[in-house]
Amino acid sequence: YPNPFNPTTQIRYDLPDDALVNITIYDIMGRSIMSLVNSHQTAGYRSIQWNATNNLGEAVSAGMYIYTIQAGEFRQTKKMVLLK
């Protein structure tokens with residue numbers, strides 16, 4: 001939320017059990033742009049903010065991006081749009 005966004009967006013998720021959580025953002029070509037979370041987290045409600053930068057801290061261009069959330073056996077993929 002929000003989607004489309006500019007300049008930041010917030011990804012919210014709920015963990016029913018403790019799990020290793022991985023949230024990665026990809027561009028439309030499938031290249032990994034940013035790894036937001038890659039750690040073991042306890043159960044509960046969480047949110048993480050993405051400020052439209054890549055792993056090097058550089059601003060990314062406007063367009064569609066895809067993020068995946070993986071926690072244990074659970075995996076979900078969603079689209080988001082950056083407007084500038």
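Helices (H or I, at least four residues) and strands (E, at least two) are DSSP runs, numbered from the N terminus. The structure is a predicted model, in which local features need pLDDT of at least 70 and side-chain atom pairs count only at pLDDT 80 or more, whereas totals for chains, interfaces and linings use all residues. Residues are numbered from 1 along each chain as its sequence is written, and side-chain values use heavy atoms, with hydrogens and water left out.

The account begins with the segment before β1, where P2 has its place. P2 counts as partly exposed because its relative accessibility is 32%; the class lies between buried, under 20% relative accessible area, and exposed, over 50% (1.4 Å probe, protein chains only). When residues up to four places away in sequence are not counted, P2 touches T8 and T9, contact being defined as heavy atoms within 4.5 Å. P2 and M80 are 78 residues apart along the chain, and their C-alpha atoms are separated by 8.8 Å. P4 also belongs to the segment before β1, and the peptide bond that leads from N3 to P4 is cis, with omega near 5°.

The next part concerns β2 and β3. These strands pair in the antiparallel sense over 8 bridges, where pairing requires that DSSP finds at least two bridges between two strands. One of the bridges joins I25 to its partner M34 in β3. The hairpin of β2 and β3 has 4 residues between the strands, and within this hairpin G30 takes a positive phi near 90°.

T24 lies in strand β2, which spans residues 19-27. T24 is classed as buried because its relative accessibility is 7%. The side chains of T24 and N22 are joined by a polar contact of 2.7 Å. A polar contact is a pair of N or O atoms within 3.5 Å; within protein, one must be able to donate a hydrogen and the other to accept it, and residues adjacent in sequence count only if both atoms are side-chain atoms. With its neighbours within four places in sequence left aside, T24 is in contact with S32, M34, S35, I66, Y67 and T68. I28, by contrast, is found in the loop between β2 and β3, the latter covering residues 32-41. I28 is exposed because its relative accessible area is 53%. Its contacts, apart from neighbours within four places in sequence, are with M64 and I66.

Another hairpin is formed by β5 and β6, with 2 residues between them, and G72 in its turn has a positive phi of about 60°. The two strands pair in the antiparallel sense over 9 bridges, and M64 has V81 in β6 as its bridge partner. I28 and G72 are 44 residues apart in sequence, with a C-alpha to C-alpha distance of 25 Å.

The loop between β4 (44-50) and β5 contains A52. This residue has a positive phi of about 60° although it is not a glycine. A52 is buried because its relative accessible area is 5%. N54 is found in the loop between β4 and β5 too, and it counts as buried because its relative accessibility is 16%. A polar atom of the N54 side chain lies 2.9 Å from the backbone nitrogen of L56. Leaving aside neighbours within four places in sequence, N54 is in contact with I33, M34 and V60.

On a 1 Å grid over the protein atoms alone, a pocket is an open set of points where a 1.4 Å probe fits, with protein on both sides within 12 Å along at least five of seven lines; lining residues have an atom within 4 Å of a point. The lining consists of 22 residues, of which R12, Y13, I69, F74 and Q76 lie nearest the centre of the pocket. At least two lining residues come from each of β1 (9-15), β5 (63-71) and β6 (74-82), and β1 gives the most, with 7 residues. By class, the lining has 12 nonpolar, 4 polar and 6 charged residues; Ala, Val, Leu, Ile, Met, Phe, Trp, Tyr, Cys and Pro count as nonpolar, Asp, Glu, Lys and Arg as charged, and the others, Gly among them, as polar.
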